[in-house]
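Thanks for coming, everyone. Let me put the structure up, and then we'll walk through it.

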Amino acid sequence: MKRFFLVLILALLAAAALGVYHWRTADPRQDVDRTRWLSRPSDAARSLHIQSVRGTYMLTAADSGWEAHVPGASWNFVARVMPDKVADYLARLGGLAPHCSVGGFDQGGLEQYGLDEPEFKIIVSSGDKDGNPLTVRLTSGESGAVYGWNSDSPGLVYEFDASVVEQLSLPATAFFDTRVFNFDQETVAKVQLTQPFGSNWLVEKRKEGYFFSLPGYLKDKPASDSALKLYLHSLSLLRTGTLVLEPLDVDKRLPALTIRVWNARSETPATVDFYAVNDRPEIFMGRSSWLTIPFTLDAQSVNQLVRSAFDVQGRTVVKLDIGIVARLVVNHGGTEYVVERGESGWHRLGDQTEISGIDMSLWRFTDLQFEALPLNLLPDSAAEVMHCRLFDGKGDKLTALTFYADPRLPQGQCWLKNGGGMYYPVSSRLLKDLQGLFPVGSTAGN
């Protein structure tokens, strides 16, 4: 009896062992603990050596930021890299979700999955000299699945979606920093634009805003804060067309355009020079103090960067605190109108008739800008149309303005004289509004 039970127990153990063996040999795949795919933190990475069908290159962390070291057709080059693109790439690599894994590869055998010569390979190193780099290999199988292996779990082969290799096989250009300028718009101290046969100006920021240092005829004259802010914003958004990896035949005698931007905390400006490319008028080659290699930009984009001194000049004609204006005297068509500010609004002096629209007209006085360079002498073709005087509550004159019509001006413009001897071409919209408020022949106050 004892012998029978002993034989039975041995038979049961043998059956169990056979079942386990059959299960393992029938389907060697194991459910995956996805936390085991890549367990080391990606923020410790200091270099990435990437090999794929899209090229071989290295991304390294330097003191000035991430750089790409790329072998070119004629020479090896180093390009700036956007750190957020590297971080996103490492997160994508670490976040791969395998479907299943196969064990038993501690002693080799990766060639049966094509992982001895993979389509994609990356070596991730940290700054720790004693730390082993992480190696990841990926390749596509005949069934369409992608097989992967990493050096942290050398005994396992993982299975992924077919799109994984394509997601990670990026060219070096996918990481490049393509910004032409790198500056803080809020701390810009000076801006300069130079052309050998065109615009040349330099503006500096003071407490009151931007003022011209060059050209000489505009020295200490105000520049337009809004125009310069818009211009600086466009410079900050400027991106390269393509990076120049092969020599270009350019005219190196003088840049066709140079733009410099000084930061308040640095004496060295951010600079870009654009050069004409011989026999290729549709593009310019640019050299930027921020980028390490030259680039191209289409001619239209470069032309849009050109601003004349007039374009960035402060062109406000009338400086006026409209809140203190208490009386407006208008002479139009031989009639004088006098209106005063009251508690309920503006009214005509004498009959107390209320007149609406005066506050809007006063605001438009301050919004007037000259549309072209002012003149010292009024053309013979101009004729006076209206004269306005503005006074404060004490009766002191704030300003005196005279409007002139001129058929030789572009449509929608008129001349305006603001007290002094200069005549400014301005929009005639304000004049038309005032003519509507104070028509010729209407009864006026005294």
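Start at Gln112, in the loop between β6 (100-102) and β7 (120-126). Helices here are DSSP runs of H or I, at least four residues, and strands are runs of E, at least two, numbered from the N terminus. This is a predicted model: local features need pLDDT of at least 70, side-chain atom pairs count only at pLDDT 80 or more, and totals for chains, interfaces and linings use all residues. Residues are numbered from 1 along each chain as its sequence is written, and side-chain values use heavy atoms, leaving out hydrogens and water.

Is Gln112 buried or exposed? It counts as exposed, because its relative accessibility is 60%. The cut-offs: buried is under 20% relative accessible area, exposed is over 50%, and partly exposed is in between, with a 1.4 Å probe and protein chains only. The C-alpha atoms of Gln112 and Gly141 are separated by 9.8 Å. Along the chain, these two are 29 residues apart.

Next, the loop between β13 (209-214) and α4 (225-236), where Pro215 is found. A cis peptide bond joins Leu214 to Pro215, with omega about 0°. Asp220 is in the loop between β13 and α4 too. Asp220 is not a glycine, yet its phi is positive, about 70°. At 42% relative accessibility, Asp220 is partly exposed.

Now Asp279, in the loop between β16 (270-276) and β17 (283-288). Its phi is also positive, near 65°. Asp279 is exposed, with a relative accessible area of 77%.

Last, Trp201. Not counting residues up to four places away in sequence, it touches Pro215, Leu214 and Tyr231, among others. Touching means heavy atoms within 4.5 Å.
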